[in-house]
Amino acid sequence: MNRNLKDISNLLSKLTVRRLFNFSKILCSYYLSRITGKANVSGMPVSISIEPTTSCNLRCPECPSGLRAFSRPTGMLQPDFFEKVIDELSPDLLYLILYFQGEPYLNKNLFEMIRYASQKKIYTATSTNAHYLDDDNARKTIESGLDRLIISIDGTTQETYQQYRIGGSLEKVIKGAENMVKWKNKLKSKTPHLIFQFLVVKPNEHQIKEVQQLAKSIGIDEVVYKTAQLYDYVHGNELMPNDLSHSRYKKNKDGTYSIRNPLLNHCWRMWHSCVITWDGNVVPCCFDKDASHRLGQVATEGFKKVWHSEPYNRFRKLVLKSRSNIDICTNCTEGTKVWT
């Protein structure tokens, strides 16, 4: 079977009657809200991101973690809080992403948390810069039951890689990927589905085809190309690819740049998913990196109360009315464009 089909099959195997029914309620309420202009959510999230940490070992130029630019505190997700959230959400939750900002492997309890969610039959995923995928951590990752591992690899030579992944070592990334493949084979495990994620920027766009060859030589299951979110793009940016088909932005007649796709007044993410920061704040999506739109606090209120709260529905209603007036939406086209 095709490796991607195996991954899809694994995801679908996590479906239960209750989770399928919940998904149908969320989907119906989303389209009803679009038609009526009134925010109505009748189910619980299908997917959720929980942040293991805001700490990071690298200094990537378009990342708040890398720039050490957060106004919110840096810290680590605690297992007891995580388990409390998972216990509340697990009957309806299908997909868990243990990642938001920071490097997840810096949290020493990461494997314990993956294992806890996996035992609840939730599809689990995380994303890493792979600098901590030594032999022991690779084995522990497999044994935790993780379903998907995204490895950021933004270059096929150290010279190219370090232009965005400042402070990083491509050698460590490749070795980490090799460790994962080795332990998957040793333990005869079908998971995790291993992905090389290649963030296309000007310094590396000439290596788009080369990363495919590198992935194949190692035994990586899939390569995904991702367009870069740039904070300063109106007058161009040194990271913007020359080939704008690999960019979120287009060049206007006056020489300025604007986001490529129209900012439509709806967003599926606001109905089926959200993000919980390491310290329990609920924010609308992964574009709210500094958690400036806090819609509630899980630790004190409980997730369900926050999810169906008046502040959350006011935010959803504003999305339906005018996304252009929401700062985190103005550099987004309802998700990140990816292709394989």
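Asn10 is buried, with a relative accessible area of 16%; buried means under 20% relative accessible area, exposed over 50% and partly exposed in between, using a 1.4 Å probe and protein chains only. This is a predicted model, in which local features need pLDDT of at least 70, side-chain atom pairs count only at pLDDT 80 or more, and totals for chains, interfaces and linings use all residues. Residues are numbered from 1 along each chain as its sequence is written, and side-chain values use heavy atoms, with hydrogens and water left out.

Asn10 belongs to helix H1, residues 3–12. Helices (H or I, at least four residues) and strands (E, at least two) are DSSP runs numbered from the N terminus. Apart from neighbours within four places in sequence, Asn10 is in contact (heavy atoms within 4.5 Å) with Tyr123, Asp147 and Thr191.

Tyr123 is also touched by Leu96, as are Ile48, Ile50 and Phe82, among others. Leu96 is one of the residues that touch the most other members of the largest nonpolar core, which has 87 residues. Such a core is a set of buried Ala, Val, Leu, Ile, Met, Phe, Trp, Tyr and Cys residues joined through side-chain atoms within 4.5 Å.

Next comes strand S9, residues 273–276, which is covered on both faces: Ser273 and Val275 are buried on one side, Cys274 and Ile276 on the other. Two strands pair if DSSP finds at least two bridges between them. S1 (residues 47–50) runs parallel to S9, joined by 4 bridges, and Ser49 has Val275 as its bridge partner. S10 (residues 281–283) runs antiparallel to S9, with 2 bridges, and here Val275 stands opposite Val283. The hairpin of S9 and S10 has 4 residues between the strands, and Gly280 takes a positive phi near 95 degrees there.
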